[in-house]
Amino acid sequence: MSSEKTDKEYCKCSEANCYCDKAQYNEAEDWERAQLLTHLDKCPKCKDYSERNKKLTELCNKAKLTSLQEEERLELKRLLQENLEK
Amino acid sequence: MLKFLRNFTANLRLFMAENTHQINPDRWVDDYSDYLFNYAIVRVNDREIAKDLISETFLAGLRSKKYFKGEATERTWLISILKRKIIDHYRKINSKKGQAEVKINYTDEDQEGEWLEEKVADNFEQSAEDNLVNNELGAAIYDCLDKINPKHAKIFKMKTIDNFDTEVICNEFGITPSNLWVIIHRARTALAECMEEKWLK
């Protein structure tokens, strides 16, 4: 009985990676986090991915990346187009 | 001998064509605006000013595109123009304050077309070491995003940089949330691989 429960809780690597990605955006449900942690205890490959993934998130936050909004981008395109036609 | 010379000339032409960068203003906004915007915003710390500087950079690029020799990449060339625009911006501020402290060699508007296709060795003074690291890091992330699948890069940017909701991105691309997470996973894996050597070890 107990081992059946464990099997159900132990998700596939692809699922664990997906939960790990969702967790980077705070979008993993509690049960997904729980399954991820259980999986990471037993899977060194996914643990490695999880650590790299966390580092990547830290780097993205540290870089304070920002981008233009769609309207701003369109405005720039219009400006370029007008001046290309001159 | 004649045949050898003909082959040599043909190969030389091919080599030069392959190693000369092309200019394509139609792609500038899609390909470089985010990179240039990040470059500018960390230096002027103001979104509106950064946007104006990008507009000025693109217009100056258009005016002087005939001088683009293709020795550097388009992006490097545009960055070199942006750098001058940033210096001009600070020069104007300083002259308004009566403290023209920024020394530059190319202040004449007529020289606009003579921008050097210089390698981007950023000599601009930064106030803190952190800023330098962050600039370099931001550039590294954008460099790597340029190398991965463009659709994956766009979705990654929307999710990670612009913080769009999953639902909004799914609607825009006509994909399911499961598809989105697969794409995010591929983008993150490719990005981590690209940044591994310098930033993730």
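## Ground rules

Residues are numbered from 1 along each chain as its sequence is written, while chains are lettered from A and ligands numbered from 1 in the order in which they are written. Because this is a predicted model, local features need pLDDT of at least 70 and side-chain atom pairs count only at pLDDT 80 or more, but totals for chains, interfaces and linings use all residues.

Start with pLDDT, the predictor's confidence in each residue, from 0 to 100. Chain A averages 88, with 90% of its residues scoring at least 70. Helices here are DSSP runs of H or I with at least four residues, strands are runs of E with at least two, and both are numbered from the N terminus. Within chain A, helix H1 (residues 2-9) has the lowest confidence, at a mean of 45, and H2(A) the highest, at 96. Residues 1-7 of chain A have a pLDDT below 50, and beyond near neighbours in sequence this stretch has 0 contacts in the model. A contact means that the C-beta atoms of two residues, placed from the backbone, lie within 7 Å.

Chain B has a mean pLDDT of 81, and 74% of its residues reach 70 or more. Its residues 118-124 have a pLDDT below 50, yet that stretch has 8 contacts beyond near neighbours in sequence. Where pLDDT is low, the predicted coordinates should not be read in detail. For the complex, the predictor gives an ipTM of 0.82 and a pTM of 0.70.

## The two chains

Chain A has 5 helices and 0 strands, so to speak an α-α-α-α-α pattern when you read along the sequence. Of its 86 residues, 24% are buried, meaning that 20 or more other C-beta atoms lie within 10 Å of a residue's own; 12 or fewer makes it exposed, anything in between partly exposed, and the C-beta atoms are placed from the backbone. Among chain A contacts with a separation of 6 or more, 54% join residues 24 or more positions apart.

Chain B has 8 helices and 0 strands, running α-α-α-α-α-α-α-α from the N terminus on. Buried residues make up 23% of its 201 residues. Residues 24 or more positions apart account for 68% of the chain B contacts with a separation of 6 or more.

## Where the chains meet

On the chain A side, 27 residues are in contact with 32 residues of chain B. Helices H2 (13-24), H4 (44-63) and H5 (70-85) of chain A each supply at least two residues of that side. By class, the chain A side has 12 nonpolar, 5 polar and 10 charged residues. Nonpolar covers Ala, Val, Leu, Ile, Met, Phe, Trp, Tyr, Cys and Pro; charged covers Asp, Glu, Lys and Arg; the others, Gly among them, count as polar.

B:Ala192, in helix H8 (residues 177-200) of chain B, touches A:Arg52, A:Leu56 and B:Leu200, leaving aside residues up to four places away in sequence. B:Ala192 is partly exposed because it has 18 other C-beta atoms within 10 Å.

Helix H3 of chain A (residues 30-42) has 13 residues and should span 18 Å at 1.5 Å a residue; its end C-alpha atoms are 19 Å apart, which agrees. The expected span is 1.5 Å times one less than the number of residues. In H3(A), A:Gln35, A:Leu36 and A:His39 are buried. They cover an arc of only 105 degrees around the axis, so they sit on the same side of H3(A); the arc is that of the directions from the helix axis to the C-beta atoms. Exposed A:Asp30 and A:Asp41 are on the face turned away from that buried side.

## Two asparagines with positive phi

Most residues other than glycine have a negative phi. B:Asn45, however, has a positive phi near 55 degrees, and lies in the loop between helix H2 (28-44) and helix H3 (47-63) of chain B. B:Asn45 counts as exposed because it has 10 C-beta neighbours inside 10 Å.

B:Asn163 also has a positive phi, of about 55 degrees. This residue is in the loop between helix H6 (150-161) and helix H7 (166-173) of chain B, and with 8 C-beta neighbours inside 10 Å it counts as exposed.
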